[in-house]
Amino acid sequence: MNRLNRPCAEIVPNDPNYGAQWNLALMNMPKAWHIEQGNPEVTVAVVDGGIDMQHPEFRSQLWRNVGEIPGNDIDDDGNGYIDDFNGWDFSDAPTLPGNGDWTVRDNEPEDEIGHGTHVSGIIAAEANNRIGIAGIAWRCRLMPLRAHFKYGGGGYLQNDDVAAAIVYAADNGAQVINMSWGDTVNAFIVEDAVAYAYARGCVMVAAAGNEGAVGSWYPAGLKTVISVAALSEERQLNSDSNFGATIDIAAPGDEILSTYLNELIVQIDTARMFSQDAESSNIEKIEIFGSAGGIGFTKYWNCENETEI
């Protein structure tokens with residue numbers, strides 16, 4: 001019998017810049033959204049530079065700690081964090097000459113650099129709100145965990161801050177943990193935190209690296225973390241992307257349109273931002289790149305040169 005086949009149904013959001021999101025078309029997201037758009041019961045922890053809490057694309061997207069009463073200076077849920085209603089700022093490097101908010105941990109995971117806001121938009125910017133862009137898993141909730149601070153001409157993380165953020169995510173209900181950063185050296189404190197989160201059922205996604213080298217940087221190089229390489233719009237491996245047997249998946253990673261500080265959207269060109277491990281007296285660079293994962297959908301981007309549009 002010569003049967004007639006029907007095309008798969010598609011969902012196309014009404015966000016005005018959706019047409020410029022080539023990465024979503026490449027991943028066949030309109031067809032995927034017909035099956036799954038994420039779930040409000042699924043929380044994606046973004047261990048990064050925090051988030052622009054006032055950005056219009058995140059008004060309905062932030063995780064809320066229902067056990068906490070905001071602004072009363074009491075640890076209502078007894079988890080060790082006072083007024084952690086939407087997340088936590090783990091950045092504390094008082095011995096380093098940073099700037100902005102970098103010396104004391106607090107309950108305001110506000111982004112000062114833009115990296116965390118951009119990654120968060122890729123994951124779960126609100127869709128069908130007639131502004132900006134569409135996130136990949138827009139029905140999920142975002143838990144911003146800031147571990148990234150300004151130092152010199154770039155942004156930096158410390159291993160203890162990153163590890164504490166991972167543990168917090170696992171203890172406070174995150175099912176997915178996104179880590180858009182890495183290092184060539186495997187830090188045991190981060191490895192232990194990853195093992196802890198994995199044992200508690202967390203799915204962890206991290207960028208493979210953007211040096212065009214064989215192998216994944218850490219934590220992407222750990223067996224319990226999904227390592228993501230970068231593709232160009234031509235479906236080829238990005239020239240900066242790491243590659244090899246340790247890579248689990250590849251996804252779009254060049255000139256990705258997403259949310260940004262004090263801007264509705266910006267486009268990120270392929271380049272590098274650096275971070276460092278300041279645990280020791282020898283300053284080691286941890287490269288900040290981007291994987292944005294959620295509910296089976298994974299994105300990758302690299303960033304340093306930012307062109308606002």
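Author: Start with the term cavity. Work on a 1 Å grid over the protein atoms alone: a cavity is a set of points where a 1.4 Å probe fits but cannot get out. Grid points are joined across faces, edges and corners, and a volume is the space filled by probe spheres set on the points. By this rule there are 2 cavities of 30 Å³ or more.

A word on the source. The model is predicted: local features need pLDDT of at least 70, side-chain atom pairs count only at pLDDT 80 or more, and totals for chains, interfaces and linings use all residues. Residues are numbered from 1 along each chain as its sequence is written, and side-chain values use heavy atoms, with hydrogens and water left out.

Take the largest cavity. It holds about 70 Å³ of space. Lining residues have an atom within 4 Å of a point. Here there are 13, and Trp181, Val185, Val190, Tyr218 and Pro219 are the closest to the centre. The lining divides into 8 nonpolar, 3 polar and 2 charged residues. Nonpolar covers Ala, Val, Leu, Ile, Met, Phe, Trp, Tyr, Cys and Pro; charged covers Asp, Glu, Lys and Arg; the others, Gly among them, are polar.

The second largest cavity has about 30 Å³ of space. Its lining has 7 nonpolar, 4 polar and no charged residues. Among them are Gln21, Asn23, Gly121, Ile122, Ile256 and Leu257. Three elements each supply at least two lining residues: α1 (22-26), α3 (115-124) and β11 (256-260). Such helices (H or I, at least four residues) and strands (E, at least two) are DSSP runs, numbered from the N terminus.

Now look at α3 itself. Buried means under 20% relative accessible area, with a 1.4 Å probe and protein chains only. In α3, 10 of the 10 residues are buried, so the helix is largely enclosed by the rest of the structure. Gly121 and Ile122 are among these buried residues, and both also line the second largest cavity.

Last comes an open space. A pocket is an open set of points with protein on both sides within 12 Å along at least five of seven lines. The largest pocket holds about 380 Å³. Its lining has 20 residues, with Gln61, Leu62, Trp63, Arg64 and Asn86 nearest its centre. By class, the pocket lining has 7 nonpolar, 8 polar and 5 charged residues.

Definitions and conventions:
Buried < 20%, exposed > 50% of the residue type's maximum accessible area, 1.4 Å probe, protein only.
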